[in-house]
Structure formats: structure tokens, C-alpha cells
Amino acid sequence: MLEEGRVIAWIGPLRGFQMKYEVAVIWEWQNPKAVPLVHVLDPPIEPRPGTDFIDLPHLNYDHQTPEDSALCLFDPDAREWDSTMLIADRIVPWASEWLHFYEIWHLDGVWRGSNAPGPISVGEILRQRQEVPDGTRA
């Protein structure tokens, strides 16, 4: 639950590769463990035809309302973000870059952005869990 007065929010336009998006950046700045979250408001992000939201790369996936999932912009374990950094210098450019790669991914299904270690989507994680050591499905 977000407490009033403890959240910084910005809503504004960002450009991907070809399209303009309205995004919201939300940060619980007084919570030392919180990181800024970026949500795409308009046009909403969507899975590729024949896939689902769990297949969208690099999302902080919201299981209850997948369309409200935040963008996964950095690897928190690599300490790529900390509260001394400016959102305008880090988070906003990373979000624009994410949108760029998202548009290209929609064309051919290949995520060309850098990846944190491990699977790039929740769908990939679930598929890996279904595999058994000999490569067949459970």
C-alpha cells in the first residue's frame, strides 16, 4: 500500500523507436528498498499475436492484472540503481530504451536489449520449470 506524501510520481510522454507513449514513473522515495516503477499508460503494452502477457520480455509481472505490469529496466542485484541517482538521468532513458526494444520485439519476437542473467520473461521461466533433465516436458 502506498502512503500519501511518500510517493513521487511523474506522468509524461516518452518515445520508443517509432511511437510516443504516455508513461507513469512512481517511486516510494522514503522506502529504502523501493525502486522507481514505470508503467505504460497509453497505448498499453500488449503481447505479440499468439502469446500472452507472461511472454512479454522484461516485465515486473503483475499476476493479478498483467496489463498493469511495470517495466523491468535494470537488474537490482547488480546495483544498477540506487536512491542517489536521478530518475531523469537513469530511469527515464532506460524506459525509452525499453520501449524501443519492445517495438522491435513486436516485429520479430527477438528482444535485442541487454538482459539480466536468467530468463527474459515469466513465460520462459514457467516453460523451463516444465522441462525435465533429458529435455522432454514433464
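Modeller: Strands are DSSP runs of E, at least two residues long, and helices are DSSP runs of H or I, at least four residues long, each numbered from the N terminus. Two strands pair if DSSP finds at least two bridges between them. The model is predicted, so local features need pLDDT of at least 70 and side-chain atom pairs count only at pLDDT 80 or more, while totals for chains, interfaces and linings use all residues. Residues are numbered from 1 along each chain as its sequence is written, and side-chain values use heavy atoms, with hydrogens and water left out.

Colleague: Which residue in β2 stands opposite Ala9?

Modeller: Strand β1 covers residues 8-15 and strand β2 residues 20-27; they run antiparallel and are joined by eight bridges. A hairpin of four residues leads from β1 to β2. Trp10 stands opposite Val25, and Ala9 stands opposite Ile26.

Colleague: Which are the edge strands of the open sheet?

Modeller: The open sheet has three strands in the order β1-β2-β3, with antiparallel pairing. Each edge strand pairs on one side only, and these strands are β1 and β3.

Colleague: How far apart are the end C-alpha atoms of α1?

Modeller: Helix α1 runs over residues 91-108. The expected span is 1.5 Å times one less than the number of residues. For the 18 residues of α1 that gives 26 Å, which agrees with the model, where the end C-alpha atoms are apart by 26 Å.

Colleague: Which tryptophan does Ile91 contact, leaving aside neighbours within four places in sequence?

Modeller: Ile91 is among the buried residues of α1, and what covers those residues includes β1, β2 and β3. Contact means heavy atoms within 4.5 Å. The contacts of Ile91 include Val25, Val38, Leu73 and, as the tryptophan, Trp81.

Colleague: Is Ser121 buried or exposed?

Modeller: Ser121 lies in the loop between α1 and α2 (122-130). Among the residues that Ser121 touches, beyond four places away in sequence, are Asp55, Leu56, Pro57 and Arg127. Because its relative accessible area is 7%, Ser121 is buried.

Colleague: Which residue's backbone oxygen does the side chain of Ser121 reach?

Modeller: A polar contact is a pair of N or O atoms within 3.5 Å; within protein, one must be able to donate a hydrogen and the other to accept it, and residues adjacent in sequence count only if both atoms are side-chain atoms. A polar atom of the Ser121 side chain lies 3.1 Å from the backbone nitrogen of Glu124. The backbone oxygen that the side chain reaches, at 3.5 Å, belongs to Ile54.

Technical notes: Buried < 20%, exposed > 50% of the residue type's maximum accessible area, 1.4 Å probe, protein only.
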